[in-house]
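Please open the structure in the viewer and follow the stops below in order. Each stop names what to select and then describes what is found there.

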Amino acid sequence: GELLRLDAAEMTLGQHPYVDDLCPPGLAFAAPVFAPVAVGALTAVDVTEAAESLGVLAVWTAAELPAGALVAVGEALRSCGDLVALVVADTKERAGLAADRVKVTVEARPAVTDLQAAAKDPSRLGPVAKLQRGALNTRLNEGGLTLIKETFTTQAIDPAFIEPEAVLAQPTFGGGLTLFTCDGAPGEEAA
């Protein structure tokens, strides 16, 4: 059957606020700073100019946040989507302008676009997780399972979401947070 988004009509007609429309008093805005190359090593992040920008409340790099939150100087860059800094300001515009003033220095490397070639150089691969959910060989020997070794490809798609990506974290009494999020998926959403 057809899967309908519960708030599709209201959101399409502009009768329901998007997360990006919510603006409680005292709201601060964050702007990410992404890696300027898809493959390389992060050699420096200079946030001096960004931190001195009008309206900036904070500028964070991997040195100020928990491990793994941002790519740290000396670590590998594996995507133009890798976050290297985060700027927080009193308006969305000021956060964006300050983020543009972060100076990111990288040592670019040529991209490897073939999985087999990438597998020959472990430094090109991201973190590896080994999962174990049972004795595969035993299950294969017992029958009932077929192991298929093949390379599969799918078309590249880029879904066009109606709602821009946004998250609003609002403090609650007792030290908690209420998160308002959007995920672009049809059906029920938790806000």
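Which residues are linked in a network of salt bridges? Select Glu49, Arg101 and Lys103, which are linked in this way; a salt bridge is a side-chain nitrogen of Lys or Arg within 4 Å of a carboxyl oxygen of Asp or Glu. This is a predicted model, in which local features need pLDDT of at least 70 and side-chain atom pairs count only at pLDDT 80 or more, while totals for chains, interfaces and linings use all residues. Residues are numbered from 1 along each chain as its sequence is written, and side-chain values use heavy atoms, without hydrogens and water.

Remain at Glu49. Its salt bridge with Lys103 has its closest N and O atoms 2.5 Å apart. Lys103 belongs to strand β6 and Glu49 to helix α2, so the pair ties together parts that are 54 residues apart in sequence. Helices (H or I, at least four residues) and strands (E, at least two) are DSSP runs, numbered from the N terminus. The salt bridge from Glu49 to Arg101 is 3.5 Å, N to O. Here Glu49 in helix α2 (residues 48-51) is joined to Arg101 in the loop between α3 and β6, 52 residues apart.

Next, select Asp20 and Lys92, whose salt bridge brings N and O atoms to 3.1 Å. Asp20 lies in the loop between α1 (8-12) and β1 (29-34), and Lys92 in helix α3 (residues 92-99), 72 residues apart.

Move on to Asp82, in the loop between β4 (76-77) and β5 (83-89). Asp82 is buried yet has no salt bridge, and the nearest side chain of opposite charge, Arg78, is 6.3 Å away. Buried means under 20% relative accessible area, exposed over 50%, and partly exposed in between (1.4 Å probe, protein chains only); Lys and Arg count as positive and Asp and Glu as negative, with His and the chain ends not counted. The side chain of Asp82 does reach the backbone nitrogen of Arg78, at 2.7 Å.

Now display the open sheet of 3 strands, antiparallel and ordered β4-β2-β6. Two strands pair if DSSP finds at least two bridges between them. The edge strands, β4 and β6 (103-108), each pair on one side only. Within this sheet, Ala41 has Ala76 in β4 as its bridge partner.

Finally, select β7 (residues 167-171), where Val167 is placed. Val167 is exposed, at 60% relative accessible area. Strand β7 runs antiparallel to β8 (residues 177-181), joined by 5 bridges, and Ala169 stands opposite Leu179 in β8. In the hairpin of these strands, with 5 residues between them, Gly174 takes a positive phi near 90°.

Key:
Polar contact = N/O pair within 3.5 Å; in protein donor to acceptor, adjacent residues only side chain to side chain.
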